[in-house]
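We will go from selection to selection, with a short note on what to look for at each stop.

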Amino acid sequence: MPDHQLYMQRCLELAELGAGFVSPNPMVGAVVVCDDKVIGESYHKQYGGPHAEVNAINQVVEKYPDAIDLLKKSTIYVSLEPCAHYGKTPPCADLIIKHQIPNVVVGCRDPFPQVDGKGIDKLKAAGVDVTVGALEQESRRLNRRFFTRVQKQRPYIILKWAQTVDGFFAPDDGSQHWITGPESRNLVHQWRAEEDAILVGRNTALNDNPQLNVRYAEGRNPKRVVIDRELTLPKDLHLFDQSTETLIFNELKTDIEGNVKYIALEDFNHYLPQYMMYQLWMQDIQSVIIEGGAHTLNSFIKDGLWDEARIFTGPGVLNQGIPAPVISGTNGGHYTVGADQLQLFYNS
């Protein structure tokens, strides 16, 4: 009896290698097993490129002279339901049927309307034995960003901030004050590389003049998103350096100036977080980190519009300043990062 969970766990490990490269597609891994031996494995490596199943099957074909016969007695494990429609690539279900792979084990169904059970139905109609639900929760969690975008029509929202041990977010005079150590900053840059966008409010952009890029980790820069209602931010800030696509939410104009895109919102006084997230969703932004400031973070917390919170607490004190946001949710774990403490929460 094959160990479905063992091979599906390998699918998830492979899928995660696509983090930061495949959005707005999901991360998917695939493993081909014949006679309890892995003969091919791969993952979806790049948005617009071949899917995991294609890469894994091609690996078998390239590696084994008798690949045609091996595939006819194999099982292919896939962390997400094989697609059944023509998108940027042909349907993976058709490829599995073409190679007469008799068994398919799926981690979870794909919620995307053009798939959502259709891949499974197509395989079954062709006589393929399909098992669904191996490590289902783990498979869904891996693609929680994708599931959120498809099912809630908004990006997956991560709130991130640092606070002092006495509960302050920043000095109240607008000066810059580092709360966390280098280990935490390196981790934050790795997080940035894994998400599609990073958002800050006007005061954070003005006071900190952040670059909002990836400098201390490997990976791509996220899109930068800034709230500047009256377009008063000076153009010599890093955010206007044209190095990365930057979206400016405002109430005055919609325009494009190189890599800087101005997006006018119709109402800054009501449902601002919802309007901004809808605009990001419209541009296929699947995940966003909200990095501040305190007012921006609190507006998302107040509306319950968040999925995950990552809170660093540094060892220093400020005695007075801007109070850090207060949040409650499902405990996601507590970790030590250098001299800092990291607390995770999930909005269940």
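**Stop 1: Arg 192 and its surroundings**

Start by selecting Arg 192 and showing its contacts. Leaving out residues up to four places away in sequence, Arg 192 touches Ile 198, Leu 212, Asn 213, Val 214, Arg 215, Arg 220, Pro 222, Ile 289 and Glu 291. Bear in mind as you look around that this is a predicted model. Colour residues 182-194 to bring out helix 8, where Arg 192 lies. Is Arg 192 buried or exposed? With a relative accessible area of 8%, Arg 192 is buried.

Now check the annotation. An unreviewed UniProt entry gives "binding site" for Arg 192, Leu 212, Arg 215 and Glu 291.

Move on to Arg 215, which you will find in the loop between helix 9 (202-208) and strand 9. Arg 215 is partly exposed, at 37% relative accessible area. Which residues does Arg 215 touch, not counting those up to four places away in sequence? They are His 189 and Arg 192.

**Stop 2: Glu 53**

Next, select Glu 53. UniProt, again in an unreviewed entry, lists Glu 53 under "active site". Show residues 52-63 as a cartoon to see helix 2, which holds Glu 53. Setting aside residues up to four places away in sequence, the contacts of Glu 53 are Ala 30, Ile 76, Val 78, Leu 80, Pro 82, Cys 83, Cys 92 and Leu 95.

**Stop 3**

How many disulfides does the structure hold? The count is zero. Cys 83 is in no disulfide, and its nearest cysteine sulfur, in Cys 92, is 3.8 Å away. Cys 83 is buried at 6% relative accessibility, and Cys 92 is buried at 1%.

**Stop 4: two serines**

Select Ser 42 in strand 2, residues 37-43. Ser 42 is buried, with a relative accessible area of 6%. Apart from residues up to four places away in sequence, Ser 42 touches Leu 14, Gly 29, Ala 30, Ala 52, Asn 55 and Ala 56.

Then jump to Ser 139, placed in helix 6 (residues 136-142). Ser 139 counts as buried at 1% relative accessibility. Its contacts, without residues up to four places away in sequence, are Met 8, Leu 12, Ser 79, Gly 107, Cys 108 and Ala 134.

**Stop 5: rings and charges**

Time for the aromatics. The structure holds four aromatic pairs. One to display is Phe 146 with Phe 147: the ring centres are 6.2 Å apart and the planes are at 90 degrees, so the pair is edge-to-face. Phe 146 is buried at 4% relative accessibility, and Phe 147 is buried at 4% as well.

Two charges sitting over rings deserve a view too. Select Lys 45 and Tyr 43: the charged end of Lys 45 sits over the Tyr 43 ring, 5.6 Å from its centre. Then select Arg 185 and Trp 178, where the charged end of Arg 185 sits over the Trp 178 ring at 4.5 Å from its centre.

**Stop 6: helix 10**

Finish with residues 272-282, helix 10, and highlight its buried residues: Leu 272, Pro 273, Met 276, Met 277 and Leu 280. Look along the axis: these residues cover an arc of only 125 degrees, which puts them on the same side of helix 10. What covers them? The cover includes strand 6 (156-163), strand 8 (197-200), strand 9 (223-227), strand 10 (246-250), strand 13 (287-292) and helix 11 (294-302). Last, click on Asp 284, which follows helix 10 and has a positive phi, near 60 degrees.

Conventions: Residues numbered from 1 in each chain as written. Predicted model: local features only at pLDDT ≥ 70, side-chain atom pairs only at ≥ 80, totals over all residues. Heavy atoms only, no water. Buried < 20%, exposed > 50% of the residue type's maximum accessible area, 1.4 Å probe, protein only. Helix = DSSP H or I, 4+ residues; strand = E, 2+ residues; numbered from the N terminus. Arc of directions from axis to C-beta. Contact = heavy atoms within 4.5 Å. UniProt positions renumbered as here; feature names shortened; annotations may be inferred. Disulfide = S-S within 2.5 Å. Phe/Tyr/Trp six-rings, centres within 6.5 Å; stacked < 30°, edge-to-face > 60°. Lys NZ or Arg CZ within 6 Å of the ring centre and 35° of its normal.
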